[in-house]
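Please open the model in a viewer and keep the selection tool at hand. The stops below are to be taken in order.

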Amino acid sequence: MDSSPLSNATFMLNSSGIAGLLGGEEALSTVALAQIYNRRKWLGWYNAPGTYIIGKHLRRLARSVISDLHANPGPGTESGMVQVDLALSLQHSSRFKGPVFKGIYSGTSLHETGPLASLLMKKYTGMSGTLIEGRTTQPVNVTIAKLERNPSLQSQMTFDHSAPICAIIPIAVSLATCGICGLYCEWYAFSMILLGILARGLTCVFVGSGELVFDHPELTVGSPPGDGILGCDHELVLLKGHENVVNAITRGRFIFHFRSKHAFRMVELCSFFLIAQAIAQLICVPQSNLFGQLMFVFSVVTSWVYSLWFLSYNKVEVQEEFYRSVLRSPKLEKFVFPNRSSAIVSLLLFSGDNEKLSGDSKKLKKIMDGFLPSGTQVWEIWKGIVIEHLTNGQSLCFDDTHWNHQDLPSESDRSLLRTLLKDAETAYTAFGSNK
């Protein structure tokens, strides 16, 4: 055809700015998270926004590559398998990080944990719990998670799901707009849409050649039980059970496995291709007529809307399957304690039904110091009294001989000690009613 619709329009749409800025974060997340689906290599053949952002982060991903220590390169191969952390491929890697963890028996202290811990905390936060009566300051939720042994749990696990049918929509729209632009001789828009399809498609082919794996280190033979406390300010979880399951929660991570460095070098080349495409679109799209620019924008916006939908699609179902494959069906009990001191004492009580904790006052003190104020005389005396009762197997019942401590001449200090000991009694009563 000689002329396209709107060929006489004087209005020009600066769509190149939209292509460079719109939906970059969503498009980046879609590239990474599409790896859980079957036929993932063929899900990305469409013109997408944010290619500069994707290219920039793929370059960072390439620089983070490390050799896979579990791989054994065969004779004649140039290199072994390589792996990269999935969190490094996303700008907002906080979604793959969980809260702090403190091991009860091992003494392990982790400032951040893995994606399964993050998912577990979000899941347990929404649960309702038994309200414990007592001195009320800032309520603290305590969840007791009794983890089953999982014979199918391996050090490296893969997850595959069927791709959504709607994945065909952005592909069809990009191909249709590209064809229409060619039909009306809008060659600038035609070439830029086609370039976008090829750049994103090839990126998904090479990124999709890797395998998404949930990896956690194997435990050393004879390792102590992995039980410990996971949580933040007002949400605490006691993990009780097999150490291998606890290890998967606290140290597990998602990684990409590539069969060779050569395959991953192709991903690095794709990052340059994406950046070059963004620059070419910046120059060439404004040269097209209004109709061609509208076709280009329509393909980009469709892809952006699809990315927004894709990030929420089947999210709960996928998370639940991941949760069950690692944790199976843990037994859960949740309590809402009226203050932090009673909540921490309750965690020690619920964890103390194992003989290996008996008599280990140093580890009990370390845990209490990690979650409660330390250094002040009243708090240190209170911790000493509570730990002494716990290690000796005594009930947490106190009288004036305990809070009228000889090292506390001040009446206000004694009053505070009495208050804290009453909090410990609250935790002991709740433990006795629910053990």
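The coordinates belong to a predicted model.

**First stop: a helix pair**

Select helix α5 (residues 168-183) together with helix α9 (residues 290-312). Two packed helices are described by the angle between their axes and the distance between the axes. Here the angle is about 175 degrees, and the axes lie 9 Å apart. Because angles over 145 degrees count as roughly antiparallel, α5 is roughly antiparallel to α9.

Next, display the side chains at the contact. From α5, show Ile169, Pro170, Val173, Ser174, Thr177, Ile180 and Cys181.

**Second stop: helix α11**

Move to residues 340-351, the twelve residues of helix α11. The distance from the first C-alpha of α11 to its last is 17 Å, close to the 16 Å expected at 1.5 Å a residue. Is this helix mostly covered or exposed? Helix α11 is mostly covered, with eleven of its twelve residues buried. Among the buried residues are Ile344, Val345, Leu347, Leu348, Leu349 and Phe350, as well as Ser341, Ser342, Ser346 and Ser351.

Finally, select Asn247, located in helix α7 (residues 243-251). Asn247 counts as buried because its relative accessibility is 6%, under the 20% cut-off. Leaving aside residues up to four places away in sequence, Asn247 touches His216, Pro217, Leu219 and Gly252.

Note on methods:
Residues numbered from 1 in each chain as written. Predicted model: local features only at pLDDT ≥ 70, side-chain atom pairs only at ≥ 80, totals over all residues. Heavy atoms only, no water. Axes fitted to C-alpha atoms, helices over the stretch in contact; angles between N-to-C directions. Helix = DSSP H or I, 4+ residues; strand = E, 2+ residues; numbered from the N terminus. Parallel < 35°, antiparallel > 145°, perpendicular 65-115°, else oblique. Contact = heavy atoms within 4.5 Å. Expected span 1.5 Å × (residues − 1). Buried < 20%, exposed > 50% of the residue type's maximum accessible area, 1.4 Å probe, protein only.
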